[in-house]
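Good morning, and thank you for joining this part of the meeting.

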Amino acid sequence: MALTLASALLWGVAHLAAERRRTGLALMVGYVVMLGAVLTLLTAYSANLLSLAVQPRWLIWFTVVLTAIALAWTGVIVWSFLLVRPPRGDTVGRFLTTALTVALCALVLSPTVYATRLAYLSRDVVNTLFPRTTSAPVLAHDPWNGARRVNFLLVGGDAAPNRPGVRTDSMTVASVDVETGATTLFGLPRNLQRVQMPAGPARAQFPYGFTGSGTDTPGLLNEIYQYAEDHPELVPDAPKGRRGSTLLKQTISDILGINVDYYAMVDMKGFAEIIDAMGGVKVSIREPIVYGRQREGLLPAGTRKLSGEEALWYGRSRTDSDDYVRMGRQKCLLNAVAKQADPLTVLNSFERLAAATKRAISTDLPQELLPAVIDLAQKVKDAKIRSLSFVPPLINTAYPDWSLIRHTVAEALESRPANRSAPRRTPEPDNPVNLDATCA
């Protein structure tokens, strides 16, 4: 039993005891080389492990290598047992040694099966969510093609049984410096009116700004996504399912005066499933929040863990408040989820999270850029994040000053020098309008 256990911890021990020195030494050398390679990978290349985890090809190789190591390890354990097992007459000894061997093999194979399952689920999520691009390949030395900043449109979609389609009630553009990770969040209220449409068929149909088509679409920014999906003539080059995101990206690009590169939309009901898969999310509530369509619930003030349904209403409720307070709570909620989704929580609920994520999220971020996005996310974690929301009194949502919005964005990003001779009408870049103050 001791020799079998020792051989599981250091290959070749049982072979040496059985006077098979060459085989024992060869197994020991192989074990040391394998262990050295694994430790080198975990130390010298630790920064790249997350990047590899979002590349389906590498996940396949990981599964193959891990399976090969596990099979080799169990093979050594069984081989060692056969060399040093007690004689046939020692029934008790044989039983105990056999039981130990089976347990050791299970100990090696179980985590391998679990890791292989995680790799399969990860590959499935990546292939489901992120499209493969047929455009020019991503350059390893500069995946952003010389751009100083990359802009992501983050959308919260909200469907309701009493209305058709999806309303994009939460719209935020995250502008990220690719060198430093410094990020500025630009929040756009859902009720911006008379939004200028991008040049082309959309502007030809709405030359004086988006006005919708009746009582179902009174002409707010949050209706453009679904309107484009229902009217393919506005974006004739976009396929079904991508029309809304294409037109919304173009529209918001014009509003802010910056190019929106990619988008990601989270369905709010699916977001609740993600939170439930995490085991809930802890937030600090400053004032009681009424939730439910019939005002059937109340989230009392204080720090508490919310279920997915409660978190959904925390982020969407406007009872006794307004859109702008809700925008602040949504940012608080996203921030809380990001902080509390630690690796242990993710691993414990990985299968549920993977299933919820596939149902809840849509994006046009290509698979080829995922490693670069992972690297950029590490920079963002250690960098300053500022938040600027275009809400009253800075912006009148019924009659927005589009030039003021673009000027404010340019000044906040320091993309051009401010005109010091003109009276300043915008907040200082170092002190933007910050709705994150609603977070405790």
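Predicted model: local features only at pLDDT ≥ 70, side-chain atom pairs only at ≥ 80, totals over all residues.

I turn next to the nonpolar cores. The largest has 39 residues, and those touching the most other members are Phe186, Leu188, Leu221, Ile252, Leu256 and Phe390. Two or more residues each come from strands E1 (149–159), E2 (166–177), E3 (183–188) and E4 (262–267), and from helices H8 (224–230), H9 (243–256) and H16 (402–413). H16 supplies the largest share, namely six residues. In general terms, nonpolar side chains in soluble globular proteins tend to be buried together.

Leaving aside neighbours within four places in sequence, its contacts include Met171, Val173, Leu256, Ile258, Leu388, Phe390, Val409 and Leu413. Apart from this core lies another, of 22 residues, among them Leu306, Leu333, Ala336 and Val337.

Let us now consider individual helices, starting with H9. Its 14 residues should span 20 Å at 1.5 Å a residue, and the end C-alpha atoms are 20 Å apart, so the two values agree. H9 is mostly covered, with 11 of its 14 residues buried. The buried set includes Leu247, Leu248, Ile252, Ile255 and Leu256, and also Arg243 and Lys249. Just after H9, Gly257 adopts a positive phi of about 80 degrees.

Helix H15, residues 370–381, has 12 residues and reaches 16 Å from its first C-alpha to its last, close to the 16 Å expected. Its buried residues are Leu370, Pro371, Ala372, Leu376 and Val380.

Finally, how do the axes of helix H11 and helix H12 cross? The axes of H11 (residues 308–316) and H12 (residues 323–340) come within 7 Å and cross at roughly 140 degrees. That angle makes H11 oblique to H12, because only angles over 145 degrees count as roughly antiparallel. The contact is made by Ala311, Tyr314, Gly315 and Arg316 of H11, together with Arg326, Arg329, Gln330, Cys332 and Leu333 of H12.

Conventions
Residues numbered from 1 in each chain as written. Heavy atoms only, no water. Helix = DSSP H or I, 4+ residues; strand = E, 2+ residues; numbered from the N terminus. Expected span 1.5 Å × (residues − 1). Buried < 20%, exposed > 50% of the residue type's maximum accessible area, 1.4 Å probe, protein only. Core = buried A, V, L, I, M, F, W, Y, C linked by side-chain atoms within 4.5 Å. Contact = heavy atoms within 4.5 Å. Axes fitted to C-alpha atoms, helices over the stretch in contact; angles between N-to-C directions. Parallel < 35°, antiparallel > 145°, perpendicular 65-115°, else oblique.
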